[in-house]
Amino acid sequence: MNEKQRKEQAQIKQVSSVDRKSSQDKPLSEKTTEDFAHYFQTTYTPPDIKKARKRGRDKIEVHYDFEIPEEMSKIGKGKKFLIRTYGCQMNEHDTEVMAGILSEMGYESTLDADDADIILLNTCAIRENAENKVFGELGHLKPLKLEKPDLIIGVCGCMSQQESVVNRIMQKHQQVDLIFGTHNIHRLPDLIKEAMFSKVQVVEVWSKEGDIIENLPKVRHGQIKAWVNIMYGCDKFCTYCIVPMTRGKERSRRPEDIIREVRHLAAQGYQEVTLLGQNVNAYGKDFDDIEYRFADLMNDMHKIDIPRVRFTTSHPRDFDDHLIEVLAKGGNLLDHIHLPVQSGSSEILRKMNRKYTRESYLELVAKIKKAIPNVTLTTDIIVGFPNETDEQFEETMTLMEEVGFEAAYTFIYSPREGTPAAVKKDDVPMEVKKERLYRLNDLVNKQSAESMDAYEGKVVKVLVEGESKKDETVLAGYTEKNKVVNFKGPKSIIGKIVDVKITDTKTWSLNGELVEKTAEVSN
Ligand code: 5AD
Ligand code: SF4
């Protein structure tokens with residue numbers, strides 16, 4: 001269904017009395033979202049994982065006509081909003097868009113929940129502990145809602161795309177006024193209106209992805225670095241991952257829209273952009289009128305006058321030779337590649353549906369290292385995938401060393417309802433999984449510390465982001481390879497790229513001294 005069809009479809013769906021009757025006899029544990037709908041008489045579109053999994057041929061339209069409905073354009077005047085963000089950069093960026101929409105409605109931002117008239121939790125569904133945090137936070141917000149009945153509490157993001165979560169919120173968290181999904185962000189003004197005036201729980205979650213809406217407002221976090229979406233969704237269907245269900249099918253933004261946005265950011269003085277997508281290497285695969293892929297986009301980024309361009313996240317399967325060739329040009333294309341491997345065992349990779357083997361991953365790494373000799377590689381690893389043997393885990397350990405990753409995000413496998421891996425029997429006890437994680441983390445720390453040691457006495461280029469969180473007399477920034485550097489210097493250099501000589505190294509950061517004149521520069 002595209003945006004036009006959606007606009008034509010009536011949003012308010014009352015549940016018929018027949019449906020109500022049949023659901024009354026069910027025990028609470030068997031009730032679904034549908035059964036609760038009549039309690040709320042609300043805008044009600046529940047999530048549906050089967051629909052979310054389907055990949056149709058519907059053409060994705062691009063819209064440039066977003067506007068705040070007249071009656072909502074001043075509704076936030078004198079009021080404040082707070083958005084708590086959980087999870088990945090995609091969520092961080094969605095928060096910037098929601099902040100943009102709310103600001104255009106007249107709301108001001110606050111960091112204090114007691115001060116807020118609207119609180120949104122932008123949630124993450126990737127692992128169970130991410131979900132638990134949100135349910136904990138909802139518990140904390142309950143007394144506030146009792147104190148301030150007009151406060152609007154909303155849950156959005158990836159958790160809202162799951163039927164079980166929506167059911168749980170409807171059953172146990174009556175303090176929530178609004179639940180909306182990742183494809184419904186542009187509907188925020190209408191949904192707030194509904195929540196405000198109907199005073200009932202509003203649920204709108206489209207399971208199938210929508211069109212691309214280009215002109216959504218954004219309030220960016222800071223004026224130094226910016227996120228730029230290049231595509232939405234994921235079609236990879238790794239067997240452990242919920243993202244293809246929560247974010248829909250792959251849809252690429254048009255190159256001209258991305259290039260315009262990055263040029264605009266450069267003109268505003270931004271020093272760094274990170275191109276975002278669940279699998280950026282699949283960029284452009286969905287275009288049927290032009291032959292333009294991620295390598296072409298990076299080539300165009302190379303020509304833009306912005307000092308630093310990063311991208312995340314890559315999938316090894318789609319990382320092609322053309323991209324390596326373009327990245328090897330260097331310049332503003334930085335020589336740090338985050339290349340999630342997930343496991344060092346070909347058998348586990350097959351069970352994960354990653355579509356590459358240990359050997360083909362190593363071949364790709366060899367090609368990248370040959371073309372970009374100074375490259376820094378970082379990765380994501382899951383331990384304790386169902387039935388992972390000791391030998392298979394050891395293969396992850398040896399791969400970690402063989403590639404020489406300088407950092408890794410490591411996770412214990414977390415079963416996600418609706419994914420193929422979640423229904424597999426698993427004979428690995430949690431104690432063993434934890435033990436594997438500790439061992440892996442020790443190795444990650446060792447490799448990170450070694451990579452840091454190599455900087456002692458070297459001069460690096462640092463994009464200064466601000467004061468260090470721990471000590472306001474110290475400035476902090478990032479090198480081209482994304483290493484944190486702490487050093488003393490005047491506040492006037494915040495937002496600039498400066499040379500810093502490294503004097504001391506730690507496992508995850510570097511300490512240094514500002515260099516006025518640089519002889520030798522290393523990244
Ligand atoms: N359990 C544990 N880790 C997961 N990831 C994705 N899904 C799961 C899961 N079910 C990890 C992967 C991915 C990163 C963003 O999160 O390593 O690359
Ligand atoms: Fe999830 Fe795999 Fe898609 Fe990454 S590539 S978002 S891990 S399904």
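Select Asn511: leaving aside neighbours within four places in sequence, this residue is in contact (heavy atoms within 4.5 Å) with Asn486, Lys501, Ile502, Thr503, Asp504 and Lys506. The model is predicted, so local features need pLDDT of at least 70 and side-chain atom pairs count only at pLDDT 80 or more, whereas totals for chains, interfaces and linings use all residues. Residues are numbered from 1 along each chain as its sequence is written, chains are lettered from A and ligands numbered from 1 in the order in which they are written, and side-chain values use heavy atoms, with hydrogens and water left out.

Asn511 lies in strand 22 (residues 509-515); helices (H or I, at least four residues) and strands (E, at least two) are DSSP runs, numbered from the N terminus. With a relative accessible area of 19%, Asn511 is buried, a class that means under 20%, with exposed over 50% and partly exposed in between (1.4 Å probe, protein chains only).

Next, display the salt bridges, each a side-chain nitrogen of Lys or Arg within 4 Å of a carboxyl oxygen of Asp or Glu. The count by this rule is 34. Begin with Glu131 and Arg416, whose closest N and O atoms are 2.9 Å apart. This pair links distant parts of the chain, 285 residues apart: Glu131 is in helix 6 (residues 128-147), and Arg416 is in the loop between strand 17 (407-412) and helix 16 (430-453). Both Glu131 and Arg416 are buried.

Move to Asp335 and Lys481, a salt bridge with its closest N and O atoms 3.8 Å apart. Asp335 sits in the loop between helix 12 (321-327) and strand 15 (336-338), and Lys481 in the loop between strand 19 (475-478) and strand 20 (484-488), so the pair ties together parts 146 residues apart in sequence. Asp335 counts as buried at 14% relative accessibility, and Lys481 is buried at 5%.

Then select Arg436 and Asp390, whose side chains meet in a salt bridge at 2.8 Å, N to O. Because Arg436 lies in helix 16 and Asp390 in helix 15, the pair ties together parts 46 residues apart in sequence. Arg436 is buried, at 6% relative accessibility.

Finally, stay with helix 15 (residues 390-403) and select Gln392. Gln392 counts as buried at 11% relative accessibility. Not counting residues up to four places away in sequence, Gln392 touches Ser345, Glu347, Ile348 and Asn387.
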